Amino acid sequence: MKAHEYQAKEILRQFGVPVPRGGLAETPEDAARVAVEIGGPVAVKAQVHAGGRGKAGGIRLASGPQEAERLAREMLGMCLVTHQTGPQGVTVRKLLVEEASEIGRELYLGMVIDRAGERAVLMASQAGGVDIEEVAARSPEKILKVYVDPATGFRPFMGRRLAYGLGLDGALAKPAGDLMASLYRAFVEKDCSLAEINPLVVTGDGRLLALDAKLNFDDNALYRHPELVAMRDTAEEAPLEVEASRHGITYIKLDGNIGCMVNGAGLAMATMDVIKLAGGEPANFLDVGGGASSSQVSNALRILMADTQVRAVLINIFGGITRCDVVAQGILEAAKEVQIKAPVVIRLAGTRVKEGMDLLSSSGLPFTLATDLADGARKAVAAAG
């Protein structure tokens with residue numbers, strides 16, 4: 001789950017990270033009101049789950065309340081297209097109006113889980129204000145890292161090391177270390193998968209300020225954080241992904257035309273690989289789970305058929321915990337309720353596979369049965385044209 005910038009800054013503020021004064025605006029009048037409260041120049045920032053807003057006109061400066069109201073009127077409802085949104089763009093529904101800051105230096109600070117190192121890693125760079133991916137590709141030596149052992153946590157020497165590496169010595173070294181410690185606490189206590197401040201700026205009067213903030217949370221830990229669940233903005237998510245989450249189905253939309261229904265994340269990845277090897281492109285990642293019920297299978301098929309890009313569907317189920325006959329029954333139930341608009345290829349293997357295949361073959365419905373995964377992928381690619 002992703003947080004908007006205004007939400008991320010509020011969380012970081014609670015942990016002691018310095019952020020600009022600001023407020024949320026959902027109408028032009030809101031923007032004027034917040035600008036009056038702040039006084040002086042303000043930045044009006046589109047609140048969307050995508051980077052690259054500044055280059056696309058999603059961040060604008062206003063000298064005062066009247067200009068903030070005018071800019072908000074222009075920005076609310078606009079379609080913002082950035083390198084992360086794709087050509088279709090996203091609709092701007094909310095704005096963050098915050099005090100404009102005089103920028104002396106722009107730095108980068110971020111934290112993720114390093115799965116190879118099995119611990120959190122705090123990254124810093126003097127090349128702030130640009131995508132960290134660009135820095136990693138062009139100048140990897142500019143990225144400084146410290147790995148945090150979960151048994152000992154973030155230690156002061158780690159902050160000093162990064163601060164000095166960023167050129168933050170003297171009066172800024174201790175505030176920088178404190179800020180990094182606060183970011184680490186927020187990362188751990190809120191079960192983040194990503195915590196990023198880009199840019200972290202040194203202001204003209206020598207203060208550190210998180211000018212932008214991004215927090216992503218581990219979906220598997222949201223049951224511990226009802227306050228985070230309340231922040232979820234489903235308008236920023238793909239509608240089919242939202243629908244899938246309501247039924248406990250893991251679904252991610254992709255760009256291909258072959259819909260995939262699989263039980264188990266590893267099998268889903270393998271299925272997509274085999275589809276590509278057969279010359280096709282998967283339209284989605286969909287995992288109904290190891291113990292999927294017939295209703296989940298039915299809902300999954302309905303979600304696949306709702307995707308207008310899907311030209312064929314490959315159902316690949318390995319019956320371990322999930323019984324193949326239960327899956328087959330779910331497919332048949334879905335066929336009664338959902339208009340099957342694309343050819344469906346089915347491969348079943350494992351527990352009660354014969355009973356499941358018998359149900360499908362005797363149903364009279366135009367399903368194509370496959371003997372194995374490779375056979376299923378070839379038939380799905382052929383069916384998709």
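I began with Arg 53, which is buried at a relative accessible area of 7% (buried means under 20%, exposed over 50%, and partly exposed in between, with a 1.4 Å probe and protein chains only). I am reading a predicted model, in which local features need pLDDT of at least 70, side-chain atom pairs count only at pLDDT 80 or more, and totals for chains, interfaces and linings use all residues. Residues are numbered from 1 along each chain as its sequence is written, and side-chain values use heavy atoms, with hydrogens and water left out.

I then looked for the partner of Arg 53 and found a salt bridge to Asp 212, at 3.3 Å from N to O (a side-chain nitrogen of Lys or Arg within 4 Å of a carboxyl oxygen of Asp or Glu). This pair links distant parts of the chain, 159 residues apart, with Arg 53 in the loop between strands E2 and E3 and Asp 212 in the loop between strands E11 and E12 (helices, H or I, of at least four residues and strands, E, of at least two are DSSP runs, numbered from the N terminus). Both residues belong to a network of salt bridges that also includes Glu 5, Lys 9, Lys 45 and Glu 98.

Next I checked Asp 205 and Arg 207, whose side chains meet at 3.1 Å; Asp 205 is exposed at 56%, whereas Arg 207 is partly exposed at 43%.

Finally I noted that Lys 379 pairs with Asp 375 at 3.1 Å, and that they are separated by about one helical turn because they lie four residues apart in helix H13.
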